Amino acid sequence: MVDFAPEQLEECILRLMAPDTQVIKEAEGLLKQYLSSPASVIGMMTQLQGSSRPEVRQYAALLMHLKISSHWDHFDAATRTNLAQALLQRVVEEPVAVANGAQALLQRVVEEPVAVVQLGIARIIAAVAAEIMPEGQWPELFALITSCAGNAASAPARYLSMLLLNKLNEAIGGQLIEQFQNVKGFYLAGLKDAEMKVRVEAMRASCGIAQYLDESEATDKKTATEFQTLVEPMIEILKACMASQNEQEACDFMESFTSLSEISFPLLTKAMPTLVHLLLQIFMAPDIEPSTRAAANACLNSLVENKPKVISKSGLAPTIFNAMIQAVAADNHSASGVFFSILQEEKDDDEEEHMTQMAQRTLDYMALSLSPKTLKPIVLQCAHQVVGSSNPSMQKAGVLALGVVSEGLSEFLSENLASVLPLIYTAAASTHHNVREAACFSLGQFAEYLQPEIQTHYVDIIPVALALLDDPTPDVKATSCYVLEVFTESMEPDEIEPFLNGLVEKLVGLVQTQKPGIQKLAISALGSVSVGAKTKFEPYFAGVCDLLQPFLAITDKKYLQLRATAIECLGYLVVALGADKFGHHIQVVMPYVFQTMQFNDDELNDMCMGFIINASNIFKKAFLPYADTCVQAILPMLTPDNGVEICRDNDQALEAFEDDDEIDATEHYFKVHTATTEMLTRAVQCIEALATNLGGGFDRFVPDILVAMSLMVETIHESVRAVVPEACAALVVTSFYATTPAAQDGDVKVWTQGQLLELHPRTKLLLDKLMGPPLGDVEAGQIQSVFQELLHDSDPAVVDGTLRALTTLTTELGAVVLAPYFDVIGKFSETTLELNNPDDEDGGHGDDDDDDEDDGDKSTVVDLLTELFGAMAKAFGPTLLPLWQPLFPQFMAYLQVGVHADKDRAAILGSFGEVLPELQAAGAQYVAEVVPALFKGAASADSSLQRNSAFSLGAIVRMSGPALAPQYLQLLQALAPLFNAKDEAVVDNACSAVASLISTAPDAVPLDQVLPVFLKALPLKADFTETENVYGALFKLLEMQHPVASQHMGDIVSIFAQSLGGDSDVDEDVQGKIVACFKWLVASFPDQMHAIVGALDGQQQATLQKVL
């Protein structure tokens, strides 16, 4: 065991700062051994007391803080007491004895002249406090803080009191918040101190303690109210920092306000107008550092995102919106920053964001966070006044704003496209290039977010974008490429065909003549055009392949993005043309794909894996020859810490001394590389695609991939964790297919409802490991638990992915997947359905009672949970009852109006139609309670509630048989208004429900009143899963030769003709039954059919003649 005398330890620490790497490594090795002993704490204390070298004292403080918590339990009671007392003992002249080392720490923190060392000692005090304060010891510490805080003559002493409170937050913040009444005076006095340094530290300390407010603690609600008295002084400090041009401190404070905004308590409500106006003033100030402007923007965005109701109720939304308009108008940077960046030949990685980009982000936050009710009048005013302004700068800002808010206000803008688009067209024809660029950008945003309504305007939009490809300004060319890229991929071949030649000609021209930035965008647009055109792109295929060939061979790192973009475009061509037409080109392209991945660049890998996904989706099992190389390229990427960098502010020197369990003892943060996150997400999706498309042939790779994949549950990347469960599910299904080939074709159902499928031992082992409970440390090379681990993840998107994966597995493998885990699913369901318990809504401290915004995260989880129950009901049948029965009251309670989001409640209502019929006779017991709830859902104003209520009513009618006939009139009254709904899916589900009534008990249906309404709504227009049920009812009436059906034979035949047309979405099997039925009608009633067909329009006649 290494040991040091005090002078030897000082010398060893000094060697850490030597200019010789070998000397540093030797010193690190010795100190690492020394620090493993509890005696090292006393040794470091000696250096803090006795060393005259500030750098040694600083290192000693850092190392002591790192190790004191892990060694604390090794000290006996007497030593602990001595250490604690030593922290508080006031030493006047000589250093205290080694036994009293910790006591000297407090003396050192008072006397230490070097700020960074004083900070280190304060952190040690906090670490010791974390060990002994819970036991009620160390009252002397607060006596010192009180003494320092009240020392009117010494600003350093007052600063020290705030420093200690700030560092204590990190260690015992939960206890400090309980003592808020006792310490509030310290914070308030510190915030109003005459010395700026004290005010700054008081701000940090008071913001730090707010993080420990707990919604579940009733006393914390009162504490939160009292905390509001600290906010105005904080704002005054921020003003003072800006007035004295102390912008770095101002940035820190704005970050503190950002943290406060993320706390659910209404800490900032009263001060919101003052704070927002100050942030806007800072943001718009002409002569400030870019980082200060960015900090003000980030804080403002956080307020909008986290406190949208306060922003709305305070009347601040118009002020913020108009300020952002002014910021964009005053800025001369590109309206579409991303394209401007692409066009730059030389990029500065440290280049700051400009005002237009920051203002766009704020507008986006407003559109996504504030209620449409708040924003609609503001956007209307923008459309009428700003967009139509004679000032081109204001016109640019207004047009750009409409594009930015299109995601958040998609429904509103979709409904008003007829009035908005002419304004954009006018802007696109402006003589000012920045206005034209803004118009292009907005058209692209509309194409992305206003689907499907925007597609109906393609006749006007495509010519506008095509014309702008000839614009002399590169920014406009680039942005028009973006418009065409996002717009054409959603078009139908017949829609794009009239423009196809012009599109290809102009985009190819840009690829041949422009600089790399525009070449890249034009190649991407060509890919999207091919996806929209599909097989109509075939005449251009060979020419485009020749065009892209030189780009595939690029090796200059400066232009590798062009190489990857060409590969990505070829992936789109695979999708457009299919495996047969793309043919041998796959053999040409794949070597370039693998060579490009060897450059080991995240963005290039992302694009290459996009090609692999598209190619495997199209080529299916024919892609198997490339699987080995794909796995070899992708597997090394799948490491949990890929793309995560541990960064330290003040503890960079400690990495060599940290043990794995001590990283939290150092001040550090994780830097996540966005490009790597996106690449990892794509890598997991690529594995899923390969497993799904290659089937059992991919099975030999499954074990190794699952080992790597299961480790990814530990990654910090939420988006990666979110896709891991579905990839794991696909790999299990692949293993299943390899041992059960009959299941792979989908024609053979290999499991029986209620029976546990006997899996191959290998597949069962994989499933058990992935499904089982987390086991803590797992040996290297072994598969870890995935599904139970991620089902309880803190990120809703990860939970979503897990629920989808469990649904997939249950659908493919049946009851065997979840039979052992009813308790897990039951507890998870209980927790999920209790998340928004009405008694807990807003915790009693919400910003206001006007709940305009839904909780989108919970909505998705509830929706996917009900889908899982639907799949489980099909797999388990009546054996699901032990899980379903105790949860049913919670499902019903969740339907309470005004408590949960409409789409959540709609999911619950829809689940009744999925689950109850599968319970068979046991499902009947729930009908009496469920049907009234479905009536309420059908009568609501929300289309999702209407649709799912109609669906479940139809399912319950079918499962109940004639027993429900006495309630048919009541059912019809509930369904009748839905036939006038704007949402076509609502009408289709209402049709299906009525069809169920007709098929089950036609004599109980007043067909003379019902059938005309029913036929008028046909054929189905949106939900084609209902076709068999709907047409089955018509077949039954015709087979019965029901007189009412005979009276409407012309309408029925017309519906048949429309359903058999070339553009019909009716299932082929159902079309076959329609053909058989029509032929029977012609054979049975030739004269009547001749007259009816003759009265139809020419297209319908031709369709029926073709059938005959």
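Biologist: What should I know about the numbering and the model before we start?
Modeller: Residues are numbered from 1 along each chain as its sequence is written. Because this is a predicted model, local features need pLDDT of at least 70 and side-chain atom pairs count only at pLDDT 80 or more, while totals for chains, interfaces and linings use all residues, and side-chain values use heavy atoms, with hydrogens and water left out.

Biologist: Is serine 940 buried or exposed?
Modeller: Serine 940 lies in the loop between helix 45 (927-938) and helix 46 (943-960), where helices are DSSP runs of H or I with at least four residues, numbered from the N terminus. Buried means under 20% relative accessible area, exposed over 50%, and partly exposed in between, using a 1.4 Å probe and protein chains only. Since the relative accessibility of serine 940 is 18%, this residue counts as buried.

Biologist: How many salt bridges does a search of the whole structure find?
Modeller: A salt bridge is a side-chain nitrogen of Lys or Arg within 4 Å of a carboxyl oxygen of Asp or Glu. By that rule, one of the pairs is arginine 721 with aspartate 793, at 2.9 Å from N to O. The search of the whole structure gives a total of 19.

Biologist: Which residue forms a salt bridge with lysine 874?
Modeller: Lysine 874 counts as partly exposed because its relative accessibility is 36%. The closest N and O atoms of the pair are 2.8 Å apart, and the partner is glutamate 914.

Definitions and conventions:
Helices (H or I, at least four residues) and strands (E, at least two) are DSSP runs, numbered from the N terminus.
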